[in-house]
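Subject: Structure handover

Hello,

Here is the structure for you to look over. My notes follow below it.

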Amino acid sequence: MHRFFDRGAIAAIAFALCWAGSPTLSHVQAGEGNSSWVDRINDTEVKRHIAYSPGWTLWTGKQPRGGTLHYANGTDCTAKLTFSGSEIYLVHKSGPDCGIAHILVDGKLASVKTLDTYSPIVDWNCRTVLAKDLPPGKHVLTIRVTGRKHAQSSNTYVQIVGFDLSAAAALTDRIASLGFEGGKLQEELTRLTEAKAIVTDSRWVALVARIREAEGAAQRRKFDSYFKRCPPIAFVKRHHFKSPGAGGVLLCWDVFRPGGGIYTYDPSRPKLEEREIFRRDNGVVFDMTASFDARKLLFSYRDCTPDDSFHIYEINVDGTGLRQITTGRYHDVSPFYLPGGKIGFVSTRVKSFSMCQDAAASALHVMDADGKNIRRIQFGTLADLSPHVLDDGSILFTRWEYQDKSVFTVQSLWTINPDGTRLNLFYGNTITIPNTIWQAKPIPGTKKLLCTMAPHHGNLVGAIGIVDRRLGQESPKAMRNITPEIPYTPSVDPNWRPGDQLYYWSYRDPYPIDKELFLVAYGGGGVQRYRLFLLDDKGEKVRLWEDERISCFSPIPLVARRQPPNINSALPTSKVASGGGPGMGHGTFLLMDVYQGLNGVNRGQVAAIRVMSQVAKPTNNRGRRAYFKGHDIVDPVIGAGTFYVKHNYGTVPVGKDGSAYFKAPAGVELYFQALDVDGKELSRMGSITQLQPGETQSCIGCHESRSVAPSQWRPSASAIRRGPVDITPPPWGAGPVDFVRHVQPGLDKYCVKCHSGVDPDGDIDLSGDKTRHFNIAYDNLLRRSLVNFFYLTPPQEETGNFQPLKTGSHVSKVVSLIEKGHGAVKMDDDSRRRLYTWIEANVPYYGTYEHTRPGTPGSRDAWWGKPWLQRDIASIYHDRCASCHGQANPQDAHSETIHPTWINLTHPRYSRMLNAPLAKTAGGIQRCKAKDGAAVVVFKNKLDPGYQAMLEAIRQGKKSLDDKPRFDMPGAKPSSYEQDFGRLFGR
């Protein structure tokens, strides 16, 4: 537990346990007494030593000597410290506002049972003995704030600066760590202690020097054993990648510098130096892996001189037999050998793009050893990373997904069979810190994994973690950071930002040698160059190899590994397709009991399951991102919630026993929603799944624990008896959910009679008239909080499982109004179900990625760069409106000072920007008010030059939109876009 800091002869025998707050080590400060010293320790050390209960506060003013002050005055606030030694002193502040604490050691009242810290004069470094003559070993000290005080004190504060232990106690711990060799040193320490020698005595200095020498020898022996345990390795030399927009698009972002190659090194024969087996000064190696017999290497490489893409190559470990396996205008990376002779890899051959980054999407593929018969096996729409074959023959990999929740944190560990069947979560789908868990590999002889803990944005470097999912498939306690100098603390906190912090010179490429020793690439220590290290499971490391001119990465032990079993595919070979998407056929899902895990939903409530998919994006980002109430809604804009076009296939029935058995499309990203008899969502699946053609997937229930088995197998379940059913499409037809096509007709039929025009009822306009990106009904429903939806990019997002009856139509105000017969309206069943489906698809507006305004915010902006807005509207707004509403910059995609619903691009004369400032006597609604609340008439009548100029400007806006319709209007013609999936992006 203890860590020691040698700072000269006297400082070497100093030891202290302290107190939070100091980010770096500082000078040693003498305390009172012959052999006690105080030193500051950084935040990481504090968390190991002192446990402050809630209620303690870090003092942010001038700090006391040799410590950092924490204070509390809440009754029963505690501070606990585990220490070794025979005596302990408290360093504390005393003063006129200080109170009384109870002191316990090992759960019993200490020698000083009650400590009154009051003093009429402030003393920042009062030192009080709390316990003496304790038996050898570890002890737990507890300081409890009582909430009581001296009669003359003005408050009850207890204020801790630090703790002192005797030098003898500290040295006892150090000597004990030496084991058998520490016997004579302990005898000498005992003699010095009994002689009451002061710390400046030369015998103390000599003893500390001998302890340090013994520790150094023990450390050298330990590291010597590490080198002996380390087999020959292969590794990559290259320059450290610059930071991409997000780690998932690293393979195709412009972050590469040419230079480097592949090398081998044998730690047992250090005089032989390294051996170069592949070198290209004009190219870069992305990553590498070894064959099961450790005789061959697969690697991905691109030539940086021409505008090449990454391709897969193979080479023998002796440098012979180089061959290129893949070709084509795609990025192929992260290759790995599969049992049975095939090769797996990650590729941009998916022919789609990332949702929020300027780059191609990617997914897992397999191919024959000669590069033929390439087939996609994973149908996610974003990216797959760092695949590795497990001992059972399945593939462990990191999968990046969005599904109506945080876009930053869902980069967790999954498994899949080599034929693309049995996609399953392995660990961490709700972990927020770190944002990304990747490069995971099993630790031999254990049930644990070694991984890199990394951010979402920027380079995928960070801390090294150990995952033991036996402690919980979604539990932060199942992942331990063994390199806490990179301060990722595993968490499911909605505040994900600490998990997105980039530590550019940190760790990556962990590879276990045995259950206690690992290879890593490490760039810290101030050299700004990655080197190869041996790291143990306690976080101690020793440098293995480096090149002073270039970084070293991807260390791989060249040790034969038992080949995992080849998982024979049960898929019909005639149905196996090379790509994904519609037309691949179907598979089946068997759900035993939807109510298993569906807490809060009564048996019999679930009538059907809605089958949904998220559609891959065929067009790359073209322009600036758009914003809705300050939240990022990327390019091309689909809506204010989802980034995706959402495809609704329809519904399948659920039996009274909760079972369902149905066919579903293969080769797409699927998710499900449990519906009641009215078609409203009871629960939403918070992740996605997939099917291969002819595959059958089964699950126990909805949100049930993935680690449990069904309580009983019921072959007589109604769904099984009737066999798999086809999906029943909705009455309006299966396809992308589209607000204008599916929802607006119902609003037009039942709502716009009252809720439209110059002065709509309730001040809510539900007409289909066009606004900046959407239409007025859409903007008002969302901006007035009339529907439930999830922002994907606010500071804190939904990151866990969606809770039953907490999402969608059941918690949407507009649905409640309709069902209560608001305005004596009785909406028909078809219109209601369309509305429910739209809300539960996370409120998409557009049902296509096609767009007509590339280069504008969201590629659909009707305002951006238009003279009618920039010149005419902006000028009038500045003169007539800005004094109350604030200055506006129409060119700022973030700004909504000019509200989107103020300008009606279908019926300009209905624009709120015209009618709110217009006098009622002139047909306006006269809503403008001065800062003091008094009514203000801006336009006395419609002949006002400002009114006329603004009306004409909005008419020009309508003409501009009509001349080039968007895809929420008839006559839209899509803009062409680049389909190059082998280029580098972010340039």
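How many of the residues of the protein chain count as buried? Of 987 residues, 59% do; buried means under 20% relative accessible area, exposed over 50% and partly exposed in between, with a 1.4 Å probe and protein chains only.

This is a predicted model, in which local features need pLDDT of at least 70, side-chain atom pairs count only at pLDDT 80 or more, and totals for chains, interfaces and linings use all residues. Residues are numbered from 1 along each chain as its sequence is written, and side-chain values use heavy atoms, with hydrogens and water left out.

Overall fold
The protein chain has 14 helices and 47 strands. These are DSSP runs numbered from the N terminus: helices are H or I with at least four residues, strands E with at least two. Take contacts (heavy atoms within 4.5 Å) between residues at least 6 apart in sequence: 65% of them join residues at least 24 apart.

Helix H8
H8 spans residues 776-783, and eight of its eight residues are buried. Among them are Tyr778, Asp779 and Arg783. The cover includes strand S40 (626-628) and helices H7 (739-750), H9 (813-819) and H10 (829-840). At the start of H8, a side-chain oxygen of Asn775 comes to within 3.2 Å of the backbone nitrogen of Ala777. After H8 comes Ser785, with a positive phi near 55°.

Nonpolar cores
A nonpolar core is a set of buried Ala, Val, Leu, Ile, Met, Phe, Trp, Tyr and Cys residues joined through side-chain atoms within 4.5 Å. The largest has 90 residues. Those with the most contacts inside it are Tyr402, Phe739, Tyr778, Leu781, Leu782, Val814 and Trp838. Setting aside residues up to four places away in sequence, Trp838 touches residues including Tyr778, Leu781 and Leu782. A second, separate core has 36 residues, including Leu534 and Trp545.

Cavities
The structure holds five cavities of 30 Å³ or more. A cavity is a set of points, on a 1 Å grid over the protein atoms alone, where a 1.4 Å probe fits but cannot get out; lining residues have an atom within 4 Å of a point. Points are joined across faces, edges and corners, and a volume is the space filled by probe spheres set on them.

The largest cavity has a volume of about 450 Å³. Its lining has 32 residues, with Asp287, Met288, Ser334, Ser386 and Gln439 nearest the centre. Strand S25 (383-389) is one of the elements that give two or more residues to this lining. S25 gives the largest share, five residues. By class, the lining of the largest cavity has 18 nonpolar, nine polar and five charged residues. Here Ala, Val, Leu, Ile, Met, Phe, Trp, Tyr, Cys and Pro count as nonpolar, Asp, Glu, Lys and Arg as charged, and the others, Gly among them, as polar.

The second largest cavity holds about 90 Å³. It is lined by 13 residues; Tyr627, Arg772, His773, Glu896 and Pro900 lie nearest its centre. S40 and H8 are the elements that give two or more residues to that lining. The largest share, three residues, comes from S40.

Arg399
Is Arg399 buried or exposed? Arg399 counts as buried because its relative accessibility is 1%. Arg399 sits in strand S26 (residues 395-400). Beyond its neighbours within four places in sequence, its contacts include Asp384, Trp414 and Ser687.

Regards

Notes. Polar contact = N/O pair within 3.5 Å; in protein donor to acceptor, adjacent residues only side chain to side chain. 1 Å grid on protein atoms, 1.4 Å probe; cavity = no way out; pocket = protein on both sides within 12 Å on 5 of 7 lines; lining within 4 Å.
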